[in-house]
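Subject: Structure for you to look over

Dear colleague,

I am passing on the structure we spoke about, and below it you will find my notes on what turned up when I went through it. Please read them with the model open beside you.

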Amino acid sequence: MVVLREGMCPGLDEDLVRDLRAADIKTVEDLVSSDIEELAQRCSISYKALFAIRRVLLAQHTAFPVSGADLYEELLSSTAILSTGNPSLDKLLDSGLYTGEITELSGGPGSGKSQVCFGVAVQISYQLKQSVIFIDTTGGLTANRLLQMLQTETSNKEEQMEALQRIHIFRLFDVFSLLDCLYGLCSGRFQQASVGGGSVKAVIVDSVSAVISPLLGGKQNEGMSLMIQVAGVLKTMAKDFNVAALVTNHVTRSGSGEVQPGLGVSWSHIPRTRILLERVESGGVASCSSLRSATLIKSSRQPCHIKEEFDLQWWSRSKGGSSGKRKLDETDS
């Protein structure tokens with residue numbers, strides 16, 4: 001269920017949204033299934049205007065069939081693969097992040113999720129000369145950290161500043177602000193963010209679970225609805241604007257004690273690819289080094305449960321340094 005919000009379509013302003021909520025019309029489904037003539041009288045709006053809003057919302061939120069041939073042609077013409085900058089992760093991702101899709105990194109505290117996101121942002125902005133939208137919901141991103149990574153790529157200050165300009169940061173700490181930001185990007189901010197000759201090719205949300213998980217629990221009705229709304233706009237954004245969406249998620253334990261990504265079964269269907277990051281254990285104890293293991297737990301392109309070991313310092317390495325990666329054996333579970 002998509003919650004009605006100001007600006008979703010022409011004519012749906014703040015006053016009308018408030019009047020509709022007063023009439024117990026809170027979602028798109030409520031509006032399109034209601035008696036438009038009766039609702040127009042209750043909200044003191046013309047029937048013609050409300051009917052036009054309903055028609056636009058139906059067009060926006062109704063699925064239209066396409067042929068397999070059309071989908072294949074669209075895939076060939078629009079999909080790009082963005083390297084993460086790390087050979088081990090690129091191998092798990094079948095060459096990198098795919099535009100038009102959502103990729104998820106999950107892991108516990110200190111597993112390296114944010115570090116990987118920083119590295120990906122620097123890789124795309126500096127090496128690929130494309131713009132990145134970075135939505136920080138934890139307050140963990142600093143310009144100084146990005147600059148440190150860029151300084152290992154180039155000593156040219158002008159190139160460093162140009163790369164930083166291509167990383168557009170939004171700091172948001174609740175799901176409503178996140179939704180406003182995502183809808184705003186779809187409404188035109190993508191064009192504004194295209195600077196330095198590079199278009200926006202990636203949207204990074206670190207972390208999506210930080211703003212959604214506090215709303216889940218109990219009856220879960222509102223929290224579940226907001227989570228699905230975030231998922232919907234991320235999927236639409238990735239496909240319509242041909243960008244790669246990279247999100248991070250926390251982890252929980254299943255009934256059998258196995259580590260698994262958070263946000264439940266409903267969210268598990270959203271990302272096309274999911275990678276679990278963990279500290280590398282030495283003698284049964286998690287190591288304090290920068291080595292991490294990455295396990296592919298969901299993919300439509302690769303066999304699942306492939307593991308790769310990599311060094312978080314890869315993005316901060318000096319040129320010519322070793323990769324610090326080592327392939328792990330594939331497992332069956």
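Just after helix H7, lysine 129 takes a positive phi of about 60 degrees, although lysine 129 is a residue other than glycine. By the convention used throughout, buried means under 20% relative accessible area, exposed means over 50%, and partly exposed lies in between (1.4 Å probe, protein chains only).

Before going further, please keep in mind that this is a predicted model, in which local features need pLDDT of at least 70 and side-chain atom pairs count only at pLDDT 80 or more, while totals for chains, interfaces and linings use all residues. Residues are numbered from 1 along each chain as its sequence is written, and side-chain values use heavy atoms, with hydrogens and water left out.

Most residues other than glycine have a negative phi, and most peptide bonds are trans. Asparagine 242, which is not a glycine, has a positive phi of about 55 degrees; it lies in the loop between helix H12 (221-240) and strand S7 (244-249), and at 17% relative accessibility asparagine 242 counts as buried. The peptide bond between aspartate 206 and serine 207 is cis, with omega at about 10 degrees, and serine 207 is placed in the loop between strand S6 (200-206) and helix H11 (209-212).

Taken as a whole, the protein chain holds 13 helices and 15 strands, and 46% of its 333 residues count as buried. Of the contacts (heavy atoms within 4.5 Å) with a separation of 6 or more, 64% are between residues 24 or more positions apart.

Because 13 of the 15 residues of H7 are buried, the helix is largely enclosed by the rest of the structure.

What does that interior look like? In soluble globular proteins, nonpolar side chains tend to be buried together. A nonpolar core is taken here as a set of buried Ala, Val, Leu, Ile, Met, Phe, Trp, Tyr and Cys residues joined through side-chain atoms within 4.5 Å. The largest such core has 36 residues, and those with the most contacts inside it are Val116, Phe134, Ile204, Ile275 and Phe310. H7 gives the most to this core, with 8 residues. Apart from it lies another core, of 29 residues, among them Leu185, Val205, Ala245 and Trp267. Strand S13 (residues 291-298) runs antiparallel to S14 and is joined to it by 5 bridges, where two strands are said to pair if DSSP finds at least two bridges between them. Within this pairing, leucine 291 has aspartate 311 of S14 as its bridge partner.

Two helix residues are also worth noting. Isoleucine 36 lies in helix H3 (residues 36-43) and, at 7% relative accessibility, counts as buried. Its C-alpha atom is separated by 6.9 Å from that of tyrosine 47, 11 residues apart along the chain, and beyond its neighbours within four places in sequence isoleucine 36 is in contact with Leu31, Tyr47, Leu50, Phe51 and Arg54. Threonine 152, in helix H8 (residues 143-153), is buried at 18% relative accessibility, and its side chain reaches the backbone oxygen of methionine 149 at 2.6 Å.

Finally, the cysteines. With a disulfide defined as a pair of cysteine sulfur atoms within 2.5 Å, the count comes to 0 disulfides. For cysteine 181 the closest cysteine sulfur, in cysteine 186, is 9.6 Å away, which is too far for a bond. Cysteine 181 counts as buried at 4% relative accessibility, whereas cysteine 304 is partly exposed, with a relative accessible area of 30%.

With best wishes

Definitions and conventions: Helices (H or I, at least four residues) and strands (E, at least two) are DSSP runs, numbered from the N terminus. A polar contact is a pair of N or O atoms within 3.5 Å; within protein, one must be able to donate a hydrogen and the other to accept it, and residues adjacent in sequence count only if both atoms are side-chain atoms.
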